Protein chains: 2
Amino acid sequence: MNDIPRRHAALDMSPDEFRQIGHALVDRIAEFLAWIQDRSNPVTRAERPGQIRSLLGSGPFPEKGTPAEELLSEVSTLLFDHSLFNGHPRFWGYVTSPAAPVGILGDFLASAVNPNVGAYDLSPVATEIERQTVRWIAEMIGYPASCGGILVSGGNMANFVCFLAARKAKIPWDIRKEGVGDTRPGRLRIYCSTETHTWIHKAADLFGLGHDAIAWIPANENQRMETEALRKQISADLKGGMIPLMVVGAAATVGTGATDPLLEIGAICREHHLWFHVDGAYGGFAAALPEASADLKGLRDADSLAVDPHKWLYAPLEAGCALVRDPKALLDTFSYHPAYYRFDEHADEGLTNFYELGLQNSRGFRALKVWLALRQAGRGGYERMIREDCRIAAELFRSLGSHPEIEPLTCNLSIATFRYVPADLRGADRSGEEYLNKLNTAVLARIQSGGMMYPSNAIVQGKYAIRACVVNFRTTVEDILGLPDLVVSTGREIDKEMRPA
Amino acid sequence: MNDIPRRHAALDMSPDEFRQIGHALVDRIAEFLAWIQDRSNPVTRAERPGQIRSLLGSGPFPEKGTPAEELLSEVSTLLFDHSLFNGHPRFWGYVTSPAAPVGILGDFLASAVNPNVGAYDLSPVATEIERQTVRWIAEMIGYPASCGGILVSGGNMANFVCFLAARKAKIPWDIRKEGVGDTRPGRLRIYCSTETHTWIHKAADLFGLGHDAIAWIPANENQRMETEALRKQISADLKGGMIPLMVVGAAATVGTGATDPLLEIGAICREHHLWFHVDGAYGGFAAALPEASADLKGLRDADSLAVDPHKWLYAPLEAGCALVRDPKALLDTFSYHPAYYRFDEHADEGLTNFYELGLQNSRGFRALKVWLALRQAGRGGYERMIREDCRIAAELFRSLGSHPEIEPLTCNLSIATFRYVPADLRGADRSGEEYLNKLNTAVLARIQSGGMMYPSNAIVQGKYAIRACVVNFRTTVEDILGLPDLVVSTGREIDKEMRPA
């Protein structure tokens, strides 16, 4: 059988060549991992698109090939010299964590085996590892282990999967056949606080309901949903003949890390038979901490829950996860049986075909990196990492008191927000507030392009805030305590430019 | 700055440890790549879920961690011993290609750098590489290089992105705000042939229109859409006050590789101002061949086009690609500007934030593996690989004539279909046809679980067919010419069991 001549296809590579290029790449990546942990190297060089484009060139698709070894060496240099590094200890922007090294290796192995985790037959081990990963994620945060679930590309998609399951479960006609029906403004109703991430906009829009279906419930001064307002809105809508479908609670908000009153929202949902969805993309994994708030732990009452392993499980991109209390809800929403598939024979053994549980058909093995990290750290390791991230944010927030030109704003979980306020503008009026927003916008932009530390921003009750979000197992208290000084010095500098004496 | 003590987080790994584990993993993967090319090794062991679960164990999420080195060694063995290998030269099932080795290395590097390719600022090089990749893909297949585009997880998602762009462009009200409106059966109309992949079911359902919105146009005996029926249906719908939105053409169908009459469908769309979408997930890249049919090359007339680099560009999973003629169509459909983002400052330089062009927010660097493969093979290399895959399918089909118990059915692009027909059942009647369908279903199941070769199935005008789809740069003519013999011997065996003498 083995005297078959090879095709010598342009993309094939002998095992020896693979070994040689692979070893060189491992060495380059190991050097890179050392390099980004040297605090004197920048988080980003913040180059403009034109600069990057000139490095890449603008030629057409080349006619002739280039040896793989040369390509990998060239592109490694390009990436190591010109990227933004969320693996740097001083990256606290948005909610993008460093890639766990074991996850990097997991992605490598997953890509080599290349299972299509759409159907069990095409991916026996990978399918079972994904099932185990989903179960362990649920166990970790106290969600019922009997739930259904699927790994997806990230928080948007995890929330979308749950949104679609809610829509299918709560619309009282055959939506798959007939569609969402009449979408007169606000006929179908979705409730969420004004602090909700933009995924809810996209979901209402993409899945046919339109933004008008969203009932925006005000948040209080702690960025938490006002449940009294929620109750009133639901009652009014029911009286108006509308069809309330679901309430979205945050665990926690992407801006300030505030957790909605999930226990009470859950009770309201049960009372009105609404679907209770929790967006735990940022904060869901903090429910694993024994000391987590009762509200955060309240995510266990949700009908569906989105969490994001590429956030607080420190998986490399992409890895989100949708969990639903009733596993049948995903099948009801997504399963099809086209004529050209035959993947049903092991149904007796509780076989899982993940293509029936979500939007994708062919699917990669993103579970491997998550599963490896869960096993490498264990529950204890994750608790220590998440707790330490929270402690670092709290230490930062505590330190702000000693900076008279800093106004501390919020601190929840691992997110602290604050802003620069020149001494003469404390207690500013409305026009002063407008100036402060402009000033802090400029401060953040200069810090981000400076590249030595990388916070991001939040809007806190109309105030443009500097936001440090610590989802970074390389960050230390020593790293972050330098941030207020940098904000103050940058703030003074820009204030001087904007308000020349 | 560098005297900061490390956190010693459970997931951190020293560069030396990474180097050591990485080198060992490269060696394991290189051995694996040699192993799967030995034809005496099986494509799959076709084990049942229970067997795999017993290997994984059913324990709870472990409290304590396990060293990464041990984990990677353990899981490599598990995966190499118990997976299905689409990288095996004798895998011709569905449309899942081997992972190009350079793509495997690309995924490794992408995961190490871990750029979030949602926003330019977070991924300067990666964003520009994705832009270049999209442009080169368009150039390769003759689609206008001025198009917009985005890489997504696969064919479903690529078609979904295009479907949503069509919906936004063609619905004459503010759909993002008001939703899809009244979905009385068939008010909004989508046209596609009965051979269309199940993504269209999912899209009509998930995006709020419902299946009733799909007008199924019959396919002729060559599995190509009947354009006369399409014309009649559009006219009837317009007279009935319905709102025709889009026509979907296939390049090519997933079952038999038939290409719809794209030139004529394009003309009909222009005549009626309908959106012309082409699903090129399987066959789109074959339009790169100079000898491709005029209809296949007709995909260049489409308003949107889905292609799948993890199919005929041989990228590891996941990589799909959505292209739209008018780049603004994606922004119009997907762009949001939430308060907690600030990514607009370089707009003057034509900066791309990919989160504004699709469903995802955080996004991984799937472009790297595709870009590397495009550069390694070049246009010439790809043409040779795709042409050779087609030639292998044609050689298989030609060889069927010498097997009196084989009924050849179809051969298009790199897909050949045929079935086993016992000598006494040639020209069977209706009950004979039912038996033949059962028989060939059983034949395929036994061949797939036997694991020495891995075809899949198609339904060709009601006939259950064995289907070989060659999207595999390791397959040779010698490999595939053994398939008819295997089908015949398996067919005889099962026929004897099902119809004992």
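Residues are numbered from 1 along each chain as its sequence is written, and chains are lettered from A and ligands numbered from 1 in the order in which they are written. Because the model is predicted, local features need pLDDT of at least 70 and side-chain atom pairs count only at pLDDT 80 or more, while totals for chains, interfaces and linings use all residues; side-chain values use heavy atoms, with hydrogens and water left out.

Contact here means heavy atoms within 4.5 Å.

In chain B, an open sheet of seven strands has the order 1-7-6-5-4-2-3, with mixed pairing. Strands (E, at least two residues) and helices (H or I, at least four) are DSSP runs numbered from the N terminus, and two strands pair if DSSP finds at least two bridges between them. The edges of this sheet are strand 1 (148-152) and strand 3 (214-217) of chain B, each of which pairs on one side only. The twist averages 20° from one strand to the next; axes are lines fitted to C-alpha atoms, for helices over the stretch in contact, and angles run from 0 to 180 degrees between N-to-C directions. Strand 5 (residues 275-280) and strand 6 (residues 304-307) of chain B run parallel and are joined by four bridges, with His277(B) opposite Ser304(B).

Two helices of chain B lie across parts of this sheet. Helix 10 (residues 262-272) of chain B lies across strand 4 and strand 5, at about 155° to strand 5 of chain B.

Helix 6 (residues 155-170) of chain B has 16 residues and reaches 22 Å from its first C-alpha to its last, close to the 22 Å expected at 1.5 Å a residue (1.5 Å times one less than the number of residues). Of its 16 residues, 13 are buried, where buried means under 20% relative accessible area, exposed over 50% and partly exposed in between (1.4 Å probe, protein chains only). Asn159(B), found in helix 6 of chain B, is buried with a relative accessible area of 1%. Not counting residues up to four places away in sequence, Asn159(B) touches Trp199(B), His277(B), Asp279(B) and Ala306(B).

In chain A, strand 7 (residues 320-324) is mostly covered, with five of its five residues buried. In a regular strand the side chains alternate between the two faces of the sheet. Gly320(A), Ala322(A) and Val324(A) point one way from strand 7 of chain A, and Cys321(A) and Leu323(A) the other way. Strand 7 of chain A runs antiparallel to strand 1 (residues 148-152) of chain A, to which five bridges join it; Gly148(A) stands opposite Val324(A). Four bridges join strand 7 of chain A to strand 6 of chain A, also in the antiparallel sense, and Ala306(A) has Ala322(A) as its bridge partner.

Ala302(A) is placed in the loop between helix 11 (294-297) and strand 6 (304-307) of chain A and counts as buried at 0% relative accessibility. Leaving aside neighbours within four places in sequence, Ala302(A) is in contact with Tyr143(A), Phe276(A), Val278(A) and Arg325(A).

A second open sheet in chain B consists of four strands in the order 8-9-11-10, with antiparallel pairing. Its edge strands are strand 8 (406-412) and strand 10 (456-460) of chain B, and the twist averages 35° from one strand to the next. Strand 9 (residues 415-420) and strand 11 (residues 463-469) of chain B pair over four bridges, with Phe418(B) opposite Ile466(B). Helix 17 (residues 483-498) of chain B lies across strand 8, strand 9 and strand 11, at about 30° to strand 9 of chain B.
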